[in-house]
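Trainee: Could we go through this model together and check what the labels rest on?
Mentor: Gladly, let's have it on screen.

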Amino acid sequence: MQRKQTLLFGVVMAIVTTLNFIPGTSVVRDGTKLLFGIFQVGPGLEVLHYAMAAALILFGLLARSTRGVLVTTGTIFGLAAIIGWISGDHVFGLMDVNVADNALHTFFALFLFTLAFALRDAPRVPVAVRG
């Protein structure tokens, strides 16, 4: 279950990040590009989102356990949220954020930590060796 959820979250993240490049899904207000007119986006953020989506997809497909990648990406989102809430409009001056971004990053962090610690793949039961 955890692997499937990890894969699904990675795929959705990649799709939503890709939507940013499709005309009509983003608007520019006061020189700021907003995905769906809400979420502030930029090249640095898009690269980071693609990297995290790729990690989630790869671990969802190939790894025996996805807890590590879920905790890592959850931590990244959590730090981005905390720093964004404190600074108000940027994360270390590298990525511009707004209140909607901070709220979404907070939700993602909590969601990924929930996946990491509340859901687990069914344990693999060894096949009994017949003698």
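**Labels and their cut-offs**

Mentor: From the N terminus on, the elements run α-β-β-β-α-α-β-β-α, with helices (H or I, at least four residues) and strands (E, at least two) taken as DSSP runs numbered from the N terminus. This is a predicted model, where local features need pLDDT of at least 70, side-chain atom pairs count only at pLDDT 80 or more, and totals for chains, interfaces and linings use all residues. Residues are numbered from 1 along each chain as its sequence is written, and side-chain values use heavy atoms, leaving out hydrogens and water.

Trainee: Why are helix 2 and helix 3 called roughly antiparallel?

Mentor: The axes of helix 2 (residues 43-62) and helix 3 (residues 67-87) cross at roughly 160 degrees. Angles over 145 degrees count as roughly antiparallel, so helix 2 and helix 3 get that label. The axes are lines fitted to C-alpha atoms, for helices over the stretch in contact, and angles run from 0 to 180 degrees between N-to-C directions.

Trainee: What makes Val 12 partly exposed?

Mentor: Val 12, in helix 1 (residues 2-19), has 41% relative accessibility. Buried means under 20% relative accessible area and exposed over 50%, with partly exposed in between (1.4 Å probe, protein chains only). Val 12 therefore counts as partly exposed.

Trainee: And why does Phe 111 count as partly exposed?

Mentor: Phe 111 is in helix 4 (residues 99-118), and its relative accessibility is 29%, so Phe 111 counts as partly exposed. Phe 111 and Phe 9 are 102 residues apart in sequence and 10.0 Å apart in space, C-alpha to C-alpha.

How values were computed
Angles under 35 degrees count as roughly parallel, over 145 as roughly antiparallel, 65 to 115 as roughly perpendicular and the rest as oblique.
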